Every structure is written in C-alpha cells, then in structure tokens.
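Look at the strands before reading on.

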Amino acid sequence: MLEDTIAAISTPLGEGGIGIVRLSGPAAFDIAKKIFRSKKKEWSAAEGHRLVYGHILDPAGQIVDEVLLGYMKAPHTYTREDIIEINCHGGIVPSKKILELVLSAGARLARPGEFSLRAFLNGRIDLAQAESIIDIIRARTETGLKLAVAQLNGSLSRKILELQDRLLGLLAQVEANIDFPEDDLEAATGQELLRTVGELLEQVEDLIRGAQAGKIYREGIRTIIIGRPNVGKSSLLNALLRENRAIVSDIPGTTRDIIEEMINIGGIPLKIIDTAGLHETENIIEKIGMEKTREMINRADLVLVVLDAGRELVAADLDIIGSVRDKKAVFLVNKDDLAEKKISVEELDVLAAGRPVLWVSAKEETGLDELEEKIFEMVMGGHLSGTDDALVTNTRHKQALEAAQRHLTDAVAELKKKVPVDVAAIDIRAAWEALGEITGNTVTEDLLDRIFADFCIGK
C-alpha cells in the first residue's frame, strides 16, 4: 500500500482564497514534474522544503492555474514520505481540475484519513496522536482545542506508554521466576506484583474517571429550553448567545421549529436548543413543533425549564415539569424584572425536587452568569476540569482503559488468592495489550480501517 502515491484536495470545496491539492508517496515529485512548470527556472528533487512559483499545465500545454508548489522531502514531512502541495486559487473548478491531472499522471485518490494513516504506519505519530488530529479539526471551544493539541503532542501517549512499560517489567519478573525456579522467587514476586498491579490499577481508574469530563469537552452537552409559549425561551436563547438569533414577539407560539446554536460555557460546548412552546392547540404546525420538542426532551443531556414570574403555575406548567421528572434540569423563573411576581416560590421548590431554581431576566440579562456557573457545576459535577492535558476524550480510548481495568482487577484478585504468578501474568499481559490499542502498539488492521474512516479525505 505504501508503495503507491496518493493525492487528494486538502481544503474544503467552495470559493476561497487558496485551494490545496496534496500528494504523498515515492512518485510525488515525478508526478508534479509532469504537470508543473516553474516560472523562472527548473526545480529539482534536491530542492526540498521550499515554495516554487509557476503554472499547472494540461496535456495540451494550456495553463490551468497559476500556483505555488511546495515540495517537502522525506523523511522530514507529515507522512515521512515525499510530499507535494499545490497551492492553487480557491474554488471548485481549479482544485478539481488539478486533482484530475495529478491522478492522470499516476497518483491514486487517497482514502479518508490516509495521509494520517501513513504518518502512523511510518512511525511519525502513534494512534492516539493520529486521532487527536480529527479532534483538533472538530474542536468547538478553546479548551477542546487545547486538549486535542496536548494529545497530538503526546500527553496521553506518554502516560499510556509509562503504564505499559511498568507492566512489561512485571512480566519480566514473572519470566525470571519461571526461568529460575531454584531461586524460590515465587512468594517475593507475588507480593511485588500485587503491590505494583494495585498501583497501576489506581492510575488506570484515574484516567477512566477523567474520561467523562473529556467526553463532555469533546462532544458537548445537548441542552434544551422548554416552557409554555411566551415565557421568554427565545429571549433567553438570544441573551445567552449575546445576539438576536431567535425571533422574539409577544405573540404566543412564535417559535414553531427547533433552533439549535452552540455556546461556550467554561470551555464546554453547549448545543442549546430553543423549542416550540408546550400547550394545547388545534394548529397543525404548532402540534408538529411540540411533538419535536417532546422528542428532544428524551434525548437531552440537560433541560432548562423556563417559567414566567408574572404568572401563576397552571396545569400546563405542571405537565412540563412532570415531563422532566427523571432529567437533569434547571428551573428558570424568567422576567425577574417585573414589579409584581405571581409565581409560588414554595410550590416551585417542591416541584423542582432538589434541582436548582434560578431567577433571571432575559430582557435585562440578569442572572445569566449564575446560570452559566450552575450549568458548569451540574455538567462537570465531581469530574475533572479541562486543566489536565492528558484527559481522555475518546470513547475508544475509554473502552480500552476499561478493558485494562478489568484485567488488572482480575490479576489483583488472583494474586491475593496466592495463585501461581504465571496465571496472574495472563491478565497482566491482556491489560498491556488493551492499553496498546490506544497508542497502536497492539492494534489490528480492521480497527485501523474503522478509525481512519471517520477522517476527512485529504488529512
């Protein structure tokens, strides 16, 4: 596979200042020579890591585009192969035409993530680092970006490799016990293994505990705003966004569709969803909107229940509160700026069942800081914040850690029963292999295919 040369457009298709067509492989330079002409002088394979100005020509010698061609010589490249990057004018037609010429000249169209796969296979990055690249691309907050960049720089990989190294040391002790039975090392080896495996199990469990926070920073929290019509749901959304995204009016039922926006609360990406007001109606459009709202409640990670400070709780409010009985929720009493408040504080406290009740004014934008603090506290709970650079953010990594945890737990139980150390070593080796799936030490080809299939073509 690595003997061929791959190519792809590495920038989004559409109008823009620059489009980039990337090639990687042993024939990258020769392919570029077939379609590129330098403006001032000939360029050679010896001139690596520089930009050359010139034109891309079609087989008839006609100019396709004016470009800057970058040539990077192996092994000092992203893939550790020769790389050509053709910087053309942004736009669908120039990029596609140049890619067609590159493929006609001998390259093969790259599969999703194949450039990063080659970087992994050629030893420039490990698998955890490769996966962090897609996290950088998809980062929704600065905190998420910081965590992804830290993993690209090897923060998680170093911890995993340290754990694996200590596990290998334990396995070496077991081998010594088997090879030199006359030295009667069994008892001492068993005690040493029990102590060290216990320590390693604690470290693995620490990483697993942090994974919940890591998943939140990576994927965000699905948050839905619900309430009766005209209680201020859309006004609240606009206040949190600091812009007029949703239409606001005094006419009940103005919002009839689902409006989704992303906001940043303490580094957490919050996908916040404004919904149609829940109430009795004969309007078919409003009914459809409310059906969508009820579906969204079931799928939400967090619900913001908006109530009107100027109105008493009625049956519709009680139905809404009942619909989030088993959900993580914050109850927001909006219109705190009203001089006369009719809502029953005592009744609401009972209905909230220990969940937060906050008074806010979307109109005056008061109480929003307290709301954001409460959301962060509820979402992160007892989890770590985004200050740990080695926070586990990937579900696959968490699953591998959980597999290692099971094997280490079994090993501890076996060693406490004073079974032969070579029996416990089976679980120790299995834990080592599970951790290796994170960095790619023990990864299978099928798993690699699944991982890189999620990448975009050209990366």
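Two strands are said to pair if DSSP finds at least two bridges between them. The model described here is predicted.

## The six-stranded sheet

Six strands make an open sheet with mixed pairing, in the order E9-E10-E8-E11-E12-E13. Strand E9 (259-265) and strand E13 (357-359) are at the edges; each has a single partner strand, so one side of each is left without a neighbour in the sheet. From one strand to the next, the twist averages 25 degrees.

Strand E12 (residues 329-334) runs parallel to E13, and three bridges join them. Leu332 stands opposite Leu358 in E13. Helix H12 (residues 368-380) packs on this sheet and touches E8, E9, E10, E11, E12 and E13. The direction of H12 makes about 170 degrees with that of E12.

## The seven-stranded sheet

Another open sheet has seven strands in the order E3-E4-E5-E6-E2-E1-E7, again with mixed pairing. Its edge strands, E3 (36-38) and E7 (108-109), each pair on one side only. Strand E1 (residues 6-9) pairs with E7 in the parallel sense over two bridges, and Ala7 stands opposite Leu109 in E7.

Helix H1 (residues 28-35) packs on the sheet, touching E2, E3, E4, E5 and E6; its direction makes about 75 degrees with that of E3. Helix H3 (residues 114-121) lies across E1, E2 and E7, at about 140 degrees to E1.

## A nonpolar surface patch

Leu13, Ile92 and Val93 make a nonpolar surface patch of about 290 Å². Ile92 belongs to helix H2 (residues 92-104). Is Ile92 buried, partly exposed or exposed? Ile92 counts as partly exposed because its relative accessibility is 41%.

Notes
Residues numbered from 1 in each chain as written. Predicted model: local features only at pLDDT ≥ 70, side-chain atom pairs only at ≥ 80, totals over all residues. Heavy atoms only, no water. Patch = residues over 30% accessible without salt bridge, like charges linked within 9 Å, V, L, I, M, F, W, Y side chains within 5 Å. Areas by Shrake-Rupley, 256 points an atom, 1.4 Å probe, with all protein chains shown as cover. Salt bridge = Lys/Arg side-chain N within 4 Å of Asp/Glu carboxyl O. Helix = DSSP H or I, 4+ residues; strand = E, 2+ residues; numbered from the N terminus. Buried < 20%, exposed > 50% of the residue type's maximum accessible area, 1.4 Å probe, protein only. Axes fitted to C-alpha atoms, helices over the stretch in contact; angles between N-to-C directions. Contact = heavy atoms within 4.5 Å.
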